[in-house]
Every structure is written in C-alpha cells, then in structure tokens.
Amino acid sequence: MTSENLVQPKTDFILSEEQTMLRDTAKQFFSEQVPVSNLRKLRDEENPDGIDRDVWKQAAELGLAGILIPEAYGGTDFGVTGMGLVMEEAGRTLAATPLFSSSILSTLILLEAASEEQKQEILPAIAAGEMIIAVALEESGHHNPAAITMSGAKKDGGLVLNGRKTFVLDGHIADKLIIVARSSGEKGDTNGLSLCLVDADATGLKVSRSKMVDSRNSSEVTCENLAVSADMIIGTIDDGAAPLENALDQARILLSAEILGGVNEVFERTLQYLKDRKQFGVPIGSFQALRHRASAIFSEIEICKAVVTFALSQSDKKSNQIARLASLTKARLGEASTLVSNEGLQMHGGIGMTDDVDIGLFMKRARVQLQLLGDPGFHRARYARLNGY
Amino acid sequence: MSDLETFREETRAWLEENCPASMRTPMPDEEQPWGGRNPSYPNPDTKIWMERMAARGWTAPTWPTEYGGGGLNKDENKVLQQELKRIEARPCLNSFGIWMLGPALLEFATEEQKLKYLPPITRGEIRWCQGYSEPGSGSDLAGLQTKAEDMGDHYLVNGQKVWTSYADKADWIFCLVRTDTSVKHEGISFLLIDMETEGVDPRPIKLISGSSPFCETFLTDVKVPKENLVGELNKGWTIAKRLLEHERAMISGMNMGAGEASLGGMEELAKEVFGELDGMIAHPTLRDTVTKHKMDEEAFNLTLRRTGELAKAGHGIGAEASIFKYYGSEMNKRRFEILLELLGTDALTTEGEGHDQDVMDISPQWLRSKGNSIEGGTTEVQLNIIAKRVLDLPEGGQA
C-alpha cells in the first residue's frame, strides 16, 4: 500500500507559524513606521529621493529587503509567500520603498539569470538595503516585453545600447539599472532579448525623474551608445526573455499581493465609514443599496485572497503553472482594485473627493499598479493563449 | 498498518466485490436511485447496489449504526468516498432524507422518532420531500401561513406549499407549519406528514424550462398525529434554519460544470463555431468573454479549496459560505448566457432538421439556471446575510 491515497495535509492556503510571525512583523513595521502620512510627507515636501531613506534602512535591518534572497547571499530567504505577506502589508499603507523595484523585480531577474560572481557581488548589497537596482523594461504606455526595440548591437562580446525606456520604477535613485534590450530579432518577437547591468553613472546613460499620479517614483531612461561589457550581461546575450518572463511572473504575483493589501485597506475603511456616517438619522450602512454592494465586494475580496494565496504558494513550490496563475492573479486583482477603489470613493461621498482623506491616494495607486506589468486585458489574452484558446 | 489503512484495504476489497459493473459507468438520468415506496429501477443493478450499501450502513456512512448508518468517523468516511470515487461508482441512493431531514432529526428528534424515521431512510424505503415555501412566503419564509391547529389528539393542517421538489413522487413531507398566529418566527413548528394521508394533493409545476421536479402541494384538512411534531412546539424555525444551511451547501455545488460538458468545453465550442486564428478563438470579443468566464471559474474553485482547507484546519466558516451560493449561482447564469451567445440561433432552436440534440438541450438548461439565484435564498437574501452576519452592518435604513 502506498501512502499517496492517504489523507495528506495540504498547505496551499494555510500559513506556517514562521510566515504568520513575518506578517505580524511587517504589519507592525509598516503601520507604525511607514503609515500613509509618510507618503503624504514625501509628496508634499517634494522629497528629491521620493523615498524615506531612514525607513528603507530600517526595513533592511528587519530583513525585509532580502526576503527573496538565499541566506548564502545575505538574505532572509522567506520565499515568495513570505515576500507576498510583506507586500500585502506595504500595500495597506502605500509604503513608498524600493521593495518592488530592487528587492523583487531586480532580485528575481538576478536569481534567474545572473552568474555566481554577479550574485555574490550584488545580492548581499540589495539585502542590506545598501544598493538599489531598477529595471528599465517598458517603452510605451502599455506593458509589452515582446515589443521591446531598445537596440543592443553586439560588440566585443558585449552590447552597445541605443534607445529609450519609460516608467522605470525608482530609476532616478538606483545605483544600477537592469536594462532590457533587443539584441536580435524584431519588435514583436518573444525572444532575442538581453539583460544588461549598467551603473547609474555610465557614459551614455541619462535618467530623468517623472512624476506619477500615485506620487511614487518613476523615470525616463535614455541610452546613447551606452557600452555594456560582456561581464555586465546577466545570463547570455539573446537569451534574456525566458529568465525575464519567469521573474516577471513571480513579480506579477507579488505585485498582486500588494494590490490585495490596498484593496483590503480600502474596504475596511469604507466599511467603517458605512457604520459611522449618518444620513437621514441612520448609519448609511443600513441602506440596502449600499449593503448589497458591500457584500458583493466582500465576496470578490474573498476570491482575490484565495487566488493570491494560491499563486504565492505555487511559486514557492516551483509549479509549472506559474505563468497561467500570474495572469489569473494580476488580471483579477487589477479588476478588483478598480472596483473597490471606485466603490470606496463613491461610498465616502463628497469627503472621498478631498485630498485630506486617503481613499483618493489608494485609487491613484491602484491605477498605477493596474498598468504595472500588464493590465487585465493583457493578462486575459495571455491566460487564454497559455490555455490554448 | 494503521487502522485507517486496514479500513481502506477492506473497503476496497468489499467495493470490488459488491459494486456491480454497470454501477461504475456514467449514469443516465432515468437511472437516478431515488428509492421510495414506488421505486423505479430500469437497471436492476441500481437496486442491488443500493441494498448492498444500505446493509453496510453506507448509504449514510456517518450516521450511528443504531439508526441504519455506517457509524464511520470523518476520516473513515473520507476513505470510503475516495474509494468510491476511485472506481467511479455511481451514488447508491439520492435522498433528501439523508441530505437534509436526517441531520435535523439526529439533532432535534426524540429517540423514538429517530428509530422510526431514520432506518427506512437509509434503506431507501421512504422518499422525503420538503414543504417550506408558500405562494405568499418566498424570501420571507418565516411569514408562512399553512396552519396546524391543535385538535386534541391530532393537528389539523390547512394551507399550500410550493416548490416542493418531487412531491408527486415522495412518500413523506417535512413541513414548516404555523402553530401560533400571534408571533412570527416563534410561531412555527416542524411537522412530518405522510403523503398518503387524505387531503394531501401534490401537483407538478411547469417551468419556463419545461417540466420540472417542482410541485405545489395542497394541504386540505389533513389530520396529522401529534407525535409527528419534531422538536418543541413553536421552535421549528431553529430546525428550519439548520436545514437551509444544508440546502444552500447542496445548491452551490449543483449544476456547475454541466451544460456544455457533452459539447466539449466552452473554449472548444467557441473554436468550433468561430474558427481558430493562430490557435486562438477567432472571434476577439467572444474570446475575451470566454476567457473572463474561465478565469472566474478557476478563481472560484480556488476559493472553495481555500475555504475547505481553512475549515479542515479548524478555522470556522459560517456565514462566509453565503458567498458561494451568491457567486456560484450568478456565475452559472453567466455561463449559460455565454453558451447561448456562442451558439446563436442553434441554441434557441428546440426542434429542427439537422440540429444537434446536445445543442438544443442548452436552452432548457439556460432557462433553468435563472432559478439558481432564486432557490434556496435569492441572491439578494444572500447579500443581506453577508451584510448582517459577516460585515456586521447596521440594519433598519429605509431610504
């Protein structure tokens, strides 16, 4: 008799004790050290970094910057689920840190494709919060890695880059950039991409800060005859698409966890408002028109929780379904955050329109998150293609 | 070897020997095993399979053996279900008695009542139906008016029930009746009535989707022995609520995934109808519609799995389950709307030369799906339950 027919404990959805502790730590850190007022301060003071360096240092000291990084490279190695729990808490307070750009997106690309030497040089610095790395990926207003045209001409075993990138998160404060260039094939080809590690002060590189509706960091990047030597290529020339896609899928799932945090926060605040706000002499939450919508939103959020939790756990299990699940998750959370932020604002009424109340900040963040790494339309089309229809 | 492994081995061997080969094949609708006083067995194996399982108590595996059950604990029952699934065995007995009434009797009935009613249920000898809704009380179930008057040695029941599934085929009915007209919820009692009693008259209801198992049941001067009252007088609402939970759990799991099954998946159907372009459904907007729905289904299934895992780990679920009834039934309605859109007038054809029966079978299912968000508590009632019990929103607003 084999044991496979016996009842096996399943852990696709249930957190370990260790993970619960990590979540509690993150919750306490973000709610106490990086509340929404932190973002307001950065915005109103027009902080040139767009992040609070002290906060980022504290986050790194807690180990949050190195959650995806193995202990051998100075990380805390809590895995994708662990990072997801942290992102969910960061999403609740709109915490402006390089967590996503540096500790997730760049880290995942390096873990997927970097040489041992590159890993040893860079990952410990990321984990310590001492180095910020940004990824220069997008070239238009819509996420579309296959459409990359940033030219990477082959020269002396390396590449010479020419072209422009947009929507580069934390680009202007990054110490290094990972620039995704096309070194072969044509626009529209999935393959033929190369991943180039470039110092912020490299000759031929220009980074200029942009302002986004969510008050978070973004920048435009221009490369003019920017020389990338062979040892600065991550992985091998022309073969960057596959590791990039793997990294993007995990990042999409982690971004969805951040979105879930924002969705939860908006819903909880709105629910409280429905109980507190009185009109016609009664709490507005007693009106069926609002109760039904609140209940429908609750149902949607329960579904989102299941989808995100499952995608995170399957990432840790290295499931071969990650691409599909990433698209399922990112599409669902994009749609849910649009619904919940819109309804949250409507239910707050006039006060929701004021800058003093946070609801609007969550809505602005939600729309940037929706576009980041693919909007629901992109991911529905991708999900269908991956499923063969 | 652990006790559970031994149990699995024994169960497997017993099923191998006792489950007839034809009971391991897909079941045509007319071979559904409903049992009852006037059973229908177009396939004699259906009867053999039911009787063998009943003799072991496995028509109601977790009920106590003294009431005809199998006395299995949760883990053993799980093994049994796994082994049944392994050989793709058909259900041995469909029974509202097992699914709905039995659990309520086990909780609320007297010892005498349990011994009288439960064993015939497990043996498939008595088929039950449920008399809850009335023409004047649907969502407001507690407003029911069917009256049971205390006549000393019996109750005299007068009124009308509606949506009594299979009342025309059932042997007994469990009913909610009004025993006190001065109060609402506290004036309801739970009564068991033999359908052969004089004055009980079930009539089938024809739906927009065609013939249906639903009936309206007229009760005119029906004399019911007083010992047929379950639980205390005027405490029937407590039992009713418990039973409704069982019913909702049943409905949210029903019908899902049927429909296009015989036609291949919705996505295959779309490719067939509109053709393929680079492996994609060639109709771009319908491709997106189909994709949205497939994503909804996958996400909803994950939600069911998550809740299952949480429940197993000891996190309660309770009223959160209302989201399954709400979301599941709305999703099922959307599914049939998409199938109609995919198939166009072919799905709206009910008879015609050269038309595929599987396609023509879609429209009655589409019409029937409209009832999913009405039966067992409407979508609006489910949303009210979530607002009240989960979100703890205040009540009473009229504007």
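## Strands around S4 of chain B

In this predicted model, 7 bridges join S4(B) to strand S5 (residues 188-194) of chain B, and the two strands run antiparallel; strands are DSSP runs of E of at least two residues, helices are runs of H or I of at least four residues, and both are numbered from the N terminus. Two strands are taken to pair if DSSP finds at least two bridges between them. Within this pairing, B:Phe174 stands opposite B:Leu192 in S5(B). Strand S1 (residues 128-131) of chain B is joined to S4(B) by 4 bridges, and these two run parallel, with B:Trp172 in S4(B) as the bridge partner of B:Trp128.

Strand S4 (residues 172-178) of chain B is mostly covered, since 7 of its 7 residues are buried; buried here denotes 20 or more other C-beta atoms within 10 Å of the residue's own, exposed denotes 12 or fewer, and partly exposed lies in between, with C-beta atoms placed from the backbone. In a regular strand the side chains alternate between the two faces of the sheet. In S4(B), B:Trp172, B:Phe174, B:Leu176 and B:Arg178 point one way, while B:Ile173, B:Cys175 and B:Val177 point the other way, and all are buried.

## Basis of the model

Residues are numbered from 1 along each chain as its sequence is written, while chains are lettered from A and ligands numbered from 1 in the order in which they are written. As this is a predicted model, local features need pLDDT of at least 70 and side-chain atom pairs count only at pLDDT 80 or more, whereas totals for chains, interfaces and linings use all residues.

## Domains of chain B

An automatic or database domain assignment supplies the bounds, and for chain B it gives domain 1 (3-122), domain 2 (128-234) and domain 3 (253-390). The C-alpha centres of domain 2 of chain B and domain 3 of chain B lie 33 Å apart. The contact between them takes 5 residues from domain 2 of chain B and 5 residues from domain 3 of chain B, where contact means that the C-beta atoms of two residues, placed from the backbone, lie within 7 Å.

## Helix H7 of chain B

In H7(B), the residues B:Met266, B:Glu267, B:Leu269, B:Ala270 and B:Lys271 are buried, and what covers the buried residues of H7(B) includes strand S9 (276-277), S10, H8 and H9 of chain B. H7(B) is followed by B:Gly275, whose phi is positive, near 85°.

## Where the chains meet

Between the chains, 45 residues of chain B are in contact with 39 residues of chain A. Among the elements that give two or more residues to the side of chain B that touches chain A are helix H1 (3-18), helix H7 (266-274) and helix H8 (284-312) of chain B. The largest share of that side, 15 residues, comes from H8(B). The residues of this side of chain B divide into 20 nonpolar, 7 polar and 18 charged; Ala, Val, Leu, Ile, Met, Phe, Trp, Tyr, Cys and Pro count as nonpolar, Asp, Glu, Lys and Arg as charged, and the others, Gly among them, as polar.

## Nonpolar cores

The largest nonpolar core has 152 residues, and those with the most contacts inside it include A:Ile109, A:Ala136 and A:Val180; such a core is a set of buried Ala, Val, Leu, Ile, Met, Phe, Trp, Tyr and Cys residues joined through C-beta atoms within 7 Å. Helix H7 (residues 241-276) of chain A gives the largest share of this core, 16 residues.
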